[in-house]
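Subject: Structure handover

Hello,

Here is the structure for your files. Please open it next to this email; my notes follow below.

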Amino acid sequence: MEKIFIIANWKMHPISSGEAKKLFEETVKTENKKTKIIVCPPFVFLPLLKGKGLGAQNCFWEKEGSFTGEISPIALKEIGCNYVILGHSERRKIIGEDFLSIKKKVKIAIKAGLTPILCVGENEIGDVAATKTLKKQMETALSGIPLAQVIVAYEPVFAIGTGNSCPVDLAMKRRIFIRNILLGLGSRGKEAKIVYGGSVNGRNAEEYIHRARFDGLLVGGASLKTKEFKAIVEAVSK
Ligand code: PGA
């Protein structure tokens, strides 16, 4: 059976190594036979945390060079990372990342041996506008990319950090749409994993997996609360 991916996106939390180590220990303990836990802490804590399910929250699109403040995907792999979140909507909105640069990052991440967790998601309400945005994001970021090695995170912008999670039926509709785009991009599009993210908690997690049939979840706020995270893992493992 395929494992359910539960990806913890800690964002810019916590702010001390002691707290990071403690949270990491509590988080990895929740993994069971049915789940694969991936923890994505701030860069500075990565070397302190050891485990197969370690991910970064970003990387640069070159492997080395004069790029002040950027982080090489090769260096991430070297310190034990196997995953990298790319194109998170907070980076798109606050830092102005666009899908052309995100594509470059996806490409080099795979080359470096990292599994990219590509975030896509619309701001618009309404099927026509939403699907148009999703299609454009995916085609820009994924054309010519080996799709079997990619995790796509569907994160509708209205649901991120708002407590206003996406209605499950709508999320399911979008998951099917995303799969069709992936299939249109290449036959191995059927192998890419699709996870849901946006205000996931212990009460709604199960429906995204068992009803909307996502391959996993990308969890922000709730990944910082050990009890809530545990409740999510337990709910999807039933
Ligand atoms: P949230 O964040 O679970 O706090 O909504 C999800 C994300 O930003 O990936």
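A word on naming before the findings: helices (H or I, at least four residues) and strands (E, at least two) are DSSP runs, numbered from the N terminus. This is a predicted model, in which local features need pLDDT of at least 70 and side-chain atom pairs count only at pLDDT 80 or more, while totals for chains, interfaces and linings use all residues. Residues are numbered from 1 along each chain as its sequence is written, and side-chain values use heavy atoms, with hydrogens and water left out.

Loops

S199 sits in the loop between β7 (193-197) and α7. Its phi is positive, about 55 degrees, although S199 is not a glycine. S199 counts as buried, at 16% relative accessibility (buried means under 20% relative accessible area, exposed over 50%, partly exposed in between; 1.4 Å probe, protein chains only). R213 lies in the loop between α7 and β8. R213 also is not a glycine, and its phi is positive, near 60 degrees. R213 is exposed, with a relative accessible area of 57%. In the loop between β1 and α1 you will find P14. A cis peptide bond links H13 to P14, with omega about -15 degrees.

The sheet

Eight strands form an open sheet with parallel pairing. The order is β2-β1-β8-β7-β6-β5-β4-β3. Strands pair if DSSP finds at least two bridges between them. β2 (35-40) and β3 (55-56) are at the edges; each has a single partner strand, so one side of each has no neighbour in the sheet. Helix α8 (residues 226-236) packs on the sheet and touches β1 (4-9), β2 and β8 (216-219). Contact means heavy atoms within 4.5 Å. The directions of α8 and β1 make about 165 degrees. Axes are lines fitted to C-alpha atoms, for helices over the stretch in contact, and angles run from 0 to 180 degrees between N-to-C directions.

Which residues of α8 are buried? They are F229, I232, V233, A235 and V236. They cover an arc of only 165 degrees around the axis, which puts them on the same side of α8. The arc is that of the directions from the helix axis to the C-beta atoms. Their cover includes β1, α1 (17-28), β2, α7 (205-210) and β8.

A helix pair

The axes of α4 (residues 99-111) and α5 (residues 127-142) come within 7 Å and cross at roughly 45 degrees. F99, L100, K103 and V106 of α4 make the contact with Q137, T140, A141 and L142 of α5.

Best wishes
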